[in-house]
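I opened the model to look up a few local features. My notes follow, one entry per topic.

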Amino acid sequence: MNEAELQSAFEARRPILDALGRWVMDSIIEALEAQLGSKSAVSKFLQIPPKPRVKETDSFLEKALVRKRKTDPLSEITDQVGIRFVVLLLEDIDRIGKIVESGPWTAQKDRDFQQERLEKADYFAYQSDHFVIRTRSEVTHEGILIPAGLPCEIQIRTILQHAYAEMAHNSSYKPPVKLPEEDQKHINRSLAKGSALIETTDDVFGDIKKRLRDYNESVTALLVRSSEIYRTITGEPANPNTALGEIIAEEYRGMLKGVTPDMLNTWADERPWLKESLLKKRASSVFYRDSVVILLGLLVTENETAVPKRWPVDSDYLEDFYSTLGISTNGLF
Amino acid sequence: MNITNVDITRVIAHEVVRASQIAERPPVLSDDLVVLDDRGKALVGRRLVDTVASGSHCVDVTVDDAGVGSPFDKATAMLDSDDVGFVANSKHLAGSLSTAQTAGPIKSGSAIFVQGTCSADGTPSRFVAIIKADSDQGLYKRVDGESITLTYVSDMLLGESQRLIKIAFFIEEGRDGDAPGARQPEDFSVKVFDHLMQTSGDGEAAAYFYSTFLKCKLSHNAARQTKQFYEVVRSFIEEMPVSQAERVAYHGDLISYFRQNRATLEPRTFAQDVLPQDHQDAFVRKCREQGITQAFSKELDLVKGKLRRQSVKFSSNVTLYAPSEVFRDAVQITGTSEDGWTELKIRGSIEAMP
């Protein structure tokens with residue numbers, strides 16, 4: 001195929017590539033929506049709205065005929081259409097990666113920056129995950145027939161990696177002006193430093209997220225276990241997400257440290273009289289219908305002098321609760 | 001003792017007066033059980049828990065006289081008697097309480113007899129409680145349309161103040177055989193709450209309720225419990241994450257607390273009186289692990305030696321002694337320097353080298 005034939009073949013294909021790009025993007029966003037729960041959660045998750053981009057014809061021809069000579073460029077060049085997903089955290093990259101790998105197409109990972117990091121352990125440069133997917137069979141999207149085997153490239157990176165890539169693209173890969181060799185070396189060195197810094201910062205962001213999540217998960221786990229125990233004891237339905245539960249978890253954050261869900265079971269098991277008490281009390285008091293009383297019971301037992309000092313609602317409830325637990329309120333209220 | 005699930009089954013109240021008043025005007029002894037609504041029962045239950053449950057100031061007592069006709073016999077028989085017997089025994093006991101009220105600042109008031117069930121340390125149990133309740137004064141608020149009227153009330157019972165009640169609590173822990181008739185002290189855990197016992201020692205005023213009236217004596221374990229508590233406090237202070245100088249100060253506080261004129265010791269009160277807030281609950285937990293959950297009579301026999309003087313031993317083998325009442329005020333540890341010296345300030349000048 002000569003240049004003119006290749007050019008017209010590629011241009012004829014452009015609307016199809018465009019449809020392929022949108023089909024892939026829509027499929028991935030749909031899967032994200034299912035995982036994150038809403039459209040707005042997805043738009044918060046994606047730091048830059050994704051948009052499929054069909055390669056410029058000249059850029060395609062240059063790649064096909066000059067830069068990386070191909071025997072069958074229309075099949076071999078994999079980035080004729082591409083979509084870039086920019087996310088906040090490294091772990092978000094994996095979320096999209098998994099969606100890509102399980103999509104209605106064949107997927108192949110072309111670049112895996114985690115792996116590249118290990119292979120070139122003392123080298124800092126562009127980092128991004130690249131996938132190439134190909135349609136398994138014909139697909140019709142928005143009225144356009146997409147043939148089987150057509151490739152689409154998907155890039156996934158963090159917003160920091162994206163910032164680096166943009167900077168590097170302009171100053172190293174395709175600089176607007178050609179610098180003297182000495183100056184270019186300085187720039188390359190600075191880019192490596194920037195890349196290392198960005199990798200470090202991405203890790204730090206991940207740590208922050210993990211710490212927040214660990215705490216939230218541990219508090220949620222306590223409230224959930226509390227409601228399971230309550231349900232088992234009373235045989236009544238119990239909701240782990242109540243306003244009172246939230247207030248108590250917030251107020252006694254410091255005390256929750258080190259409390260595990262299993263400690264709640266042990267606490268309840270040691271109190272066989274709890275069933276009768278709860279059944280009797282819940283009939284007339286909304287406080288005792290809240291399953292957070294299990295968690296609160298453990299907190300009170302372990303911190304009987306400190307709990308009243310921070311009690312966030314009417315103290316009558318807590319005083320009555322002390323009596324229910326068999327702990328004297330003497331000197332505490 | 002952990003008391004939960006208190007459920008009240010029978011209640012009766014009588015008037016009690018000072019012994020000297022009996023001749024002037026015999027106290028009113030009721031023939032009828034008191035009918036309490038649910039909130040009334042809940043209030044009585046809450047007062048019982050507050051005064052005898054863990055963290056309270058009640059103490060275990062030992063029954064001294066369990067013979068036929070003794071207060072123990074009369075009280076425990078109420079558990080299985082019919083209403084007529086319940087009323088008769090309560091009247092008898094109310095009468096002897098009036099007779100016993102001879103000494104000190106005793107007011108007339110009411111004797112409330114409560115029978116019920118509870119869970120005592122997890123075991124379903126029956127109990128009888130005798131509450132001597134002094135009348136409190138207050139104002140009764142009534143909202144009538146837009147206006148509020150306040151009416152003086154002179155005979156309010158079982159308000160918040162624990163100073164106004166004394167309680168004897170007989171908790172049935174078992175039954176020796178099937179024999180009907182008189183009960184054995186071993187079948188019961190007997191607890192007494194009297195705020196006078198916390199402060200004024202084993203004086204006549206504090207003793208009349210548990211001793212003259214109930215014919216009980218303070219638990220014979222008092223000396224051993226006091227020593228155990230002392231050791232728990234010592235080891236807690238030893239493990240506290242504070243400077244050595246603060247540790248010495250806490251040790252001084254411990255000694256002076258034990259030497260104070262108080263008849264009972266109780267972990268939570270001790271923690272609140274002596275330890276900083278951040279360590280109070282850890283201390284209460286440590287005591288609970290050692291089985292100390294409520295007050296006990298202070299009996300210093302086994303710790304006297306430890307309280308007489310306070311000492312500090314240094315790594316250089318120097319030991320500093322002082323009578324404990326002097327140590328706190330006359331010795332100040334000001335700091336430890338990096339070169340291994342400790343700086344002290346001692347009040348007074350060198351007087352002699354004996």
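**Entry 1: a helix pair in chain B.** The crossing of α8(B) and α9(B) is right-handed. I keep in mind that this is a predicted model. Helix α8 of chain B spans residues 267-274, and helix α9 of chain B spans residues 277-289. I read an angle of about 155° between them, with the axes 9 Å apart. Angles over 145 degrees count as roughly antiparallel, so α8(B) and α9(B) are roughly antiparallel to each other.

I then listed the contact residues. From α8(B) they are Pro267(B), Arg268(B), Phe270(B), Ala271(B) and Gln272(B). From α9(B) they are Gln280(B), Phe283(B), Val284(B) and Cys287(B). I sorted this contact into six nonpolar residues, two polar and one charged.

**Entry 2: the buried side of a helix in chain A.** Which residues of helix α12 of chain A are buried? I found Leu274(A), Ser277(A), Leu278(A) and Arg282(A) in this helix, residues 274-282. They cover an arc of only 110° around the axis, which puts them on the same side of α12(A). The spacing makes sense to me: an α-helix has 3.6 residues a turn, so residues three or four places apart point the same way.

Next I checked the cover over the buried residues of α12(A). It includes α8 (181-234), α11 (261-269), α13 (292-302) and α15 (315-325) of chain A. Strand β1 (3-16) of chain B is also part of the cover.

**Entry 3: a strand residue.** I located Leu145(A) in strand β6 of chain A, residues 144-146. Leu145(A) counts as partly exposed because its relative accessibility is 47%. Beyond its neighbours within four places in sequence, Leu145(A) contacts Ile16(A), Glu138(A), Val139(A) and Thr140(A). Leu20(A) lies 125 residues away along the chain, yet its C-alpha atom is 9.1 Å from that of Leu145(A).

Key:
Residues are numbered from 1 along each chain as its sequence is written. Chains are lettered from A and ligands numbered from 1 in the order in which they are written. This is a predicted model: local features need pLDDT of at least 70, side-chain atom pairs count only at pLDDT 80 or more; totals for chains, interfaces and linings use all residues. Side-chain values use heavy atoms; hydrogens and water are left out. Axes are lines fitted to C-alpha atoms, for helices over the stretch in contact, and angles run from 0 to 180 degrees between N-to-C directions. Helices (H or I, at least four residues) and strands (E, at least two) are DSSP runs, numbered from the N terminus. Angles under 35 degrees count as roughly parallel, over 145 as roughly antiparallel, 65 to 115 as roughly perpendicular and the rest as oblique. A crossing is left-handed if the near helix is turned anticlockwise from the far one by less than a right angle, and right-handed if clockwise. Contact means heavy atoms within 4.5 Å. Ala, Val, Leu, Ile, Met, Phe, Trp, Tyr, Cys and Pro count as nonpolar, Asp, Glu, Lys and Arg as charged, and the others, Gly among them, as polar. Buried means under 20% relative accessible area, exposed over 50%, partly exposed in between (1.4 Å probe, protein chains only). The arc is that of the directions from the helix axis to the C-beta atoms.
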